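Good morning, colleagues. Please take a moment to look at the sequence and the structure before I speak about them.

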Amino acid sequence: MADQTENPSKYLGNELKYIKMVLDSENWSATTGNWNQTLEGAFAKKFGAKYAVSMNSGTSTLHAALESLGVGPGDEVISPALTVIMDTTATIHANAVPVYADINADTFTIDPKDVERKITDKTKAIIPVSLYGLPPDYDPIIKIAKKYDLAVIEDNAQCFLSTYKGRMTGTIGHMASYSFENTKHLSCGEGGILITNDEQYAETARKIGGHGFKNLKASEGRVRLNQDIFQNPNYKRHDTLGWNYRLSEFNAAIAMAQLERIEDLVQLRIDSAQIFMDTMKQCDYLIPQKTPKGYTNSYYTLGVVYNGLESIGVTWEEFRKAYINAGGDGIYGAWAVPYLEPVIAERKFVDRCPWVYQDVHYHSGLCPVAEHVQPRVMQFKTNYRDLNLARKKVEILSQVIEKLAKK
Ligand SMILES: Cc1ncc(COP(=O)(O)O)c(C=O)c1O
């Protein structure tokens, strides 16, 4: 890993050079430029998939994936109860109904047994999420999907290069979705990418994210290649209902530069998480997300269950303050379970498709494990530019743990 002590910025590699190349070209859009094409080819190769389709966010990718798999009005999509809201909102944007499966209390990822309990004759897809970089238990999920003929979309927004029983995540389900948003392992500010081995899914997803241009292909996102055809008034362009989910060439160029050092970027987060976890062994109330044998975790963040109130009488908020006051970084809590967010709990989505949503209601108690774990989760930063910076924070954490033990 390159030493970033002298350059604590997010970019070290070819980002500036590639951006300049985009600026100097006439092609700033994926409709004509080559950077999306280059990024897609390199990403697909690295992650072991046949096709990659870049988009402007890891939510656009989820939405396009759902629709390309044929999920539509009234279908049910199962996602975990501990995740961001986007798995829910992408489902609703496909006019489908979000259904929540509970999580495993140790790994925080979706519980396959609860997935099976939640299946109905309307279930069409499952979105397992690799939370904080840890893959869920895919074998039973894939078995269930085969049994009930369901599509599986891996939500790998937080998970780059993690493995599950020797397999790289990303090609275990039918499609996999990644985010390049600011905090992710690989970032270009905003962006995302879908990967799949299925040509038809890739082509349909690309059309859904590219205004439905009929000449888009699984491996071809440039629509304006032949000017004679494109400028002809008789030419009919669109055969699919689409949105504009395209990634700009600038973002693609930055993402490409980041992809060139993805191993280093991931390894640094893993190493940072490891030294934090070593220090947490000093106490019995910071319990890191469990990585089962045979899995690897790329540690988007280090998720920890905080039991300090029971153990040393210190609340979640007091511990966070003590760490920050001593010079530590901010600790994030986990997002509320999606169905208790006002937009879902107060059914602010019903009017978009009343015949689908009129009887859809959510309430607390739906997924008791997730509701128990969520308020206890602490997310420790792993996104350090240099391991020495992480070591300094780990030292501070160690002192805080010692001090609180003496209280
Ligand atoms: C698990 C998960 N899924 C989906 C998303 C959505 O990605 P984006 O912010 O790029 O739309 C994110 C990122 O915020 C995420 O963490």
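Predicted model: local features only at pLDDT ≥ 70, side-chain atom pairs only at ≥ 80, totals over all residues.

R347 counts as partly exposed, because its relative accessibility is 23% and the partly exposed class lies between under 20% for buried and over 50% for exposed. R347 lies in the loop between α13 (342–345) and α14 (354–357). Its phi is positive, about 55 degrees, although R347 is not a glycine.

K165 is a second residue of this kind: K165 has a positive phi of about 45 degrees and is not a glycine. K165 sits in the loop that joins β6 (163–164) and β7 (167–168). With a relative accessible area of 45%, K165 is partly exposed.

Let me turn to the sheets. In general, the strands of a sheet pair through backbone hydrogen bonds, in either a parallel or an antiparallel way. Here, seven strands make an open sheet with mixed pairing, and their order is β1-β9-β8-β5-β4-β2-β3. At its edges are β1 (51–55) and β3 (97–101), each of which pairs on one side only. From one strand to the next, the twist averages 25 degrees.

Within this sheet, β5 (residues 151–155) and β8 (residues 175–179) pair in the parallel sense over three bridges. E154 has A176 in β8 as its bridge partner. Helix α7 (residues 199–208) packs on the sheet, where α7 touches β1, β8 and β9 (192–196). The direction of α7 makes about 15 degrees with that of β1.

I now come to strand β11 (residues 302–306). How many of its residues are buried? Five of its five residues are buried, and the strand is described as mostly covered. In a regular strand, side chains alternate between the two faces of the sheet. In β11 both faces are covered: L302, V304 and Y306 are buried on one side, and G303 and V305 are buried on the other.

β11 has antiparallel pairings with β10 and with β13. With β10 (residues 286–288), the pairing runs over three bridges, and L286 has Y306 in β11 as its bridge partner. With β13 (residues 377–380), the pairing runs over four bridges, and the partner of G303 is Q379 in β13.

Next, the helices. α10 (residues 262–280) has 19 residues, and at 1.5 Å a residue these should span 27 Å. Among the buried residues of α10 are I262, L265, F276 and M280.

Two packed helices are described by the angle between their axes and the distance between those axes. For α12 (residues 316–325) and α16, the angle is about 130 degrees and the axes are 9 Å apart. The two helices are therefore oblique to each other, and their crossing is right-handed. Which residues meet where α12 and α16 pack? From α12 come F319, A322 and Y323; from α16 come K393, I396, L397, V400 and L404.

Is L404 buried or exposed? L404 counts as buried because its relative accessibility is 11%, and buried means under 20%. Leaving aside residues up to four places away in sequence, L404 touches Y285, I312, V314 and F319. L404 and V314 are 90 residues apart along the chain, and their C-alpha atoms are separated by 8.2 Å.

Conventions. Residues numbered from 1 in each chain as written. Heavy atoms only, no water. Pairing = 2+ DSSP bridges. Axes fitted to C-alpha atoms, helices over the stretch in contact; angles between N-to-C directions. Contact = heavy atoms within 4.5 Å. Buried < 20%, exposed > 50% of the residue type's maximum accessible area, 1.4 Å probe, protein only. Expected span 1.5 Å × (residues − 1). Parallel < 35°, antiparallel > 145°, perpendicular 65-115°, else oblique. Left-handed = near helix turned anticlockwise from the far one by under 90°.
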